[in-house]
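I opened this notebook to record what I looked up. The structure comes first, and my entries follow.

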Amino acid sequence: MEIEKIVKAINFDPLDDDMFGETFTKKQIIKGFSYESIIPDPIKILPETYVWYLENYGSRTVRNMEFQVHIDDNTMYVVSFDGLVAPQSTWQQYRYQTCTGSYDYRLEDIEANDFILDQKFLPITNESQGKMLVMDIKEDLGSIWQFPSEEDCKTYDLVYQPSFVAKNLTEFLKLLKPIYSFKNTLTEKGYKEIEECSNVWKKNIQTAKELFYNCIDEYEKDSSPNFKEFKNVHEFLNTLASNPEKITINEPRAVELFYLSFGGS
């Protein structure tokens with residue numbers, strides 16, 4: 001299978017060095033996914049490559065690897081990949097996130113703002129504040145999708161919905177790159193990171209500095225400021241010390257001076 005060649009090129013931690021890493025027999029896979037009839041016949045329904053991966057690489061860690069997700073025409077989401085989770089964790093997450101099986105009570109008690117996972121999506125990585133990699137097991141069988149975290153949605157104005165990543169697990173593994181490798185590529189394509197370490201990149205955004213000066217420009221368009229512009233902080237301080245009466249207070253420029261004096265860029 002093509003997936004065998006792909007994973008050999010990935011720098012997995014040695015199994016003996018991975019405290020939580022383990023591989024799974026076909027019997028374990030069947031037992032895990034058959035619990036509460038989540039997937040009645042998992043070996044027939046689950047993609048062959050996914051079963052092979054669980055048997056050979058299981059939940060082993062892939063350190064310092066990440067992939068990018070195309071959220072929309074303007075937004076890219078860069079996600080760290082820490083390996084797939086064990087079958088027993090997958091079925092527990094599936095029941096909980098879809099409110100099925102012994103977790104069906106959640107459907108009655110769930111709050112309006114809580115998200116319920118569509119039953120066609122099987123979580124294949126650990127869930128963190130709603131962020132998880134999922135596999136379609138009912139419609140576009142084997143396709144891989146990514147949910148952003150609910151915190152990122154609130155902070156960076158993302159919509160909490162799945163974004164397509166790859167048509168299957170093999171194609172997904174081809175996307176994995178060493179961490180931070182996307183920075184130059186995205187910059188060359190015209191993307192900017194919303195803020196440092198946010199991992200959310202947009203094309204049509206302005207930096208804090210650009211927004212700052214735009215606000216000043218807009219203010220000055222709507223007012224008639226009477227002030228003396230200074231070339232630099234030293235000129236301002238010299239004037240302040242020798243001829244303070246020449247300084248006219250102007251709020252935006254005062255803020256600008258404060259901003260520049262503290263190394264704003």
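I take contact to mean heavy atoms within 4.5 Å. The model is predicted: I require pLDDT of at least 70 for local features and pLDDT 80 or more for side-chain atom pairs, whereas totals for chains, interfaces and linings use all residues. Residues are numbered from 1 along each chain as its sequence is written, and side-chain values use heavy atoms, with hydrogens and water left out.

Entry on Gln97. I located Gln97 in helix α5; helices (H or I, at least four residues) and strands (E, at least two) are DSSP runs, numbered from the N terminus. Setting aside neighbours within four places in sequence, I found Gln97 in contact with Arg106, Phe115, Ile116, Leu117, Glu127 and Met132. Gln97 counts as buried because its relative accessibility is 9%; buried means under 20% relative accessible area, exposed over 50%, partly exposed in between (1.4 Å probe, protein chains only).

Entry on helix α5. I checked the length of α5, residues 87–98. Among the buried residues of α5 I noted Pro87, Trp91, Tyr94 and Gln97. The cover over the buried residues of α5 includes α2 (26–34), α4 (48–56), α6, β3 (121–123) and β4 (132–136). After α5 comes Cys99, with a positive phi near 55°.

Entry on Arg106. I placed Arg106 in helix α6, residues 106–109. Is Arg106 buried or exposed? Arg106 is buried, because its relative accessible area is 12%. Beyond neighbours within four places in sequence, Arg106 is in contact with Tyr96, Gln97 and Cys99.

Conventions: The expected span of a helix is 1.5 Å times one less than its number of residues.
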